[in-house]
Amino acid sequence: ENIGSKMAYHGFKTCVNPFGIIFNPHSLMILLDRSLNDQLFTLEDVDSHFSYLAHSDLNGSTRDAVLNNLNTAGTLLTQQIKKASHVFITLGTAWIYEHIEQQSIVANCHKQPQVLFQKKLLSINKITDSLNVITSIIQRAQPNAQVVFTLSPVRHIKDGFTENQRSKARLFEAIQAVVEKQKAQYFPAYEITMDELRDYRFYSRDMIHLNETGIELVWERFRESVISTTCSPIMKAVDKHRRLVAHRPSNANLHQENIEQSIASLQQKYPEVEL
C-alpha cells in the first residue's frame, strides 16, 4: 500500500488491494480465481456485516452492502489486471486460520471468537501451488503483464518471534521456487528492510512497521531498480503539480487558476498520467 501510494502520487495508473490487505497466499489465490473467472460472490460468502473472504475494509451495515462491496472489488480487480503492465503480489504470512465449522481458510477472522478457528502453518508445497495458480490466472487474463513477488518486511509478532521467522522462510522459499520456473520476478523489499534498515530509527513506535523515512528508502530502491529513467521527467513534473495543489495560498482564485493551468499543461504533455 505504501509503494502503491507513491506510484499513484507520481501519476502512475494504480489499483491497490481492492479486497483490502490479504495476508496469506491461499486467500489471495481464491479472490483472484473468483474474480478473474467471473464467479460472482453470493450471500453465502457473507456473514452478517462482513465476509471471511476479505478484509474489514469491505464490511457493511447489511449483508447486501457487503455483497455489493465484494462484487464491486472483484469487478475492479478484473478490469485493472486485464490492462495491467505489472502485477505486484506481496505475501505477509504463511499462518492461516481455518474456520472449523465451514472447513475453509479465512482471509480475516474479523475479531470473531478464537474457538471458531484452528491455526495452521501452510507448507512450502501448498504455498508454491497457490503462487503457481496465481501466476497462471494473471497470465491468462493479461499475457503481457509482468508478475513481481515481494515479501512483506512487517513482522507478525503476535504469532511469536520464532513463528514469524518460520512463516517468512516458507513464503520466501515458495516465491523463489515460482520465480525460477515461471515468468515472474522478485523485488527484495524484505531484504532491504532487514539489512539496510536494521536500525530502529527507520521504524514507527510499534517497532514493527516502517516509518516515513524507512518507506522513503525502500521507495528509492524500488524506483532505481524497477522504474525506467525515462519516467523521471514525468514524475518530477507530477511532483511539482502535487506540491502546487498542496500549497496554502494567500490568493485562492489565483491559486486555482495556477492549478488548472498546471493540469492542462500536464495533460497536454503527458496524456497517460493519472492526476
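# Salt bridges, sheet, cores and cysteines

Trainee: Are Arg34 and Asp45 buried or exposed?
Mentor: The model is predicted, and a residue counts as buried when its relative accessible area is under 20%. By that cut-off, Arg34 and Asp45 are both buried.

Trainee: How far apart are the closest N and O atoms of Arg34 and Asp45?
Mentor: The two residues form a salt bridge. The pair links distant parts of the chain, with Arg34 in helix H2 and Asp45 in the loop between H2 and H3, 11 residues apart. The distance between the closest N and O atoms is 2.7 Å.

Trainee: Which strand holds Lys120, the partner of Glu98?
Mentor: The side chains of Glu98 and Lys120 meet in a salt bridge, 2.9 Å from N to O. The pair links distant parts of the chain, 22 residues apart: Glu98 is in strand E2, and Lys120 is in strand E4.

Trainee: Why does Lys120 count as partly exposed?
Mentor: Partly exposed is the range between buried, under 20%, and exposed, over 50%. Lys120 is placed in this range because its relative accessible area is 34%.

Trainee: How many bridges join E2 to E4?
Mentor: E2 and E3 run antiparallel and are joined by three bridges. E2 and E4 also run antiparallel, and in this pair Ile96 stands opposite Lys120. The number of bridges joining E2 to E4 is five.

Trainee: Which residue takes a positive phi in the hairpin of E2 and E3?
Mentor: In E3, Val106 stands opposite Tyr97, and Ser104 is the bridge partner of His99. The hairpin has four residues between the strands. The residue with a positive phi, near 55 degrees, is Gln103.

Trainee: Which element gives the most to the largest nonpolar core?
Mentor: This core has 45 residues, and those with the most contacts inside it include Phe19, Leu70 and Phe149. The elements that give two or more residues to the core include helix H2 (25-36), strand E1 (86-91) and helix H5 (161-181). With six residues, the element that gives the most is H3.

Trainee: How many residues are in the other core, which has Leu197 and Phe222 among its members?
Mentor: This core lies apart from the largest one. Phe202 and Leu210 are also among its residues. Its number of residues is 16.

Trainee: Is Leu151 buried or exposed?
Mentor: Leu151 lies in strand E5. Leaving aside neighbours within four places in sequence, its contacts include Leu91, Leu171, Phe172 and Tyr190. Its relative accessibility is 2%, so Leu151 counts as buried.

Trainee: How many disulfides does the structure hold?
Mentor: A disulfide needs two cysteine sulfur atoms within 2.5 Å. The closest cysteine sulfur to that of Cys15 is in Cys231, and at 19 Å this is too far for a bond. The number of disulfides is zero.

Trainee: In which helix do Arg223 and Glu220 both lie?
Mentor: Their side chains meet in a salt bridge, 3.0 Å from N to O. Arg223 counts as partly exposed at 31% relative accessibility, and Glu220 is partly exposed at 22%. The two are three residues apart, about one turn of the helix, and both lie in H7.

Trainee: Which residues do salt bridges that share partners join into one network?
Mentor: Side chains of opposite charge can pair when their charged atoms come close. Here, salt bridges with shared partners form one network of Glu196, Arg221 and Glu224.

Methods: Residues are numbered from 1 along each chain as its sequence is written. This is a predicted model: local features need pLDDT of at least 70, side-chain atom pairs count only at pLDDT 80 or more; totals for chains, interfaces and linings use all residues. Side-chain values use heavy atoms; hydrogens and water are left out. A nonpolar core is a set of buried Ala, Val, Leu, Ile, Met, Phe, Trp, Tyr and Cys residues joined through side-chain atoms within 4.5 Å. Buried means under 20% relative accessible area, exposed over 50%, partly exposed in between (1.4 Å probe, protein chains only). Two strands pair if DSSP finds at least two bridges between them. Contact means heavy atoms within 4.5 Å. A salt bridge is a side-chain nitrogen of Lys or Arg within 4 Å of a carboxyl oxygen of Asp or Glu.
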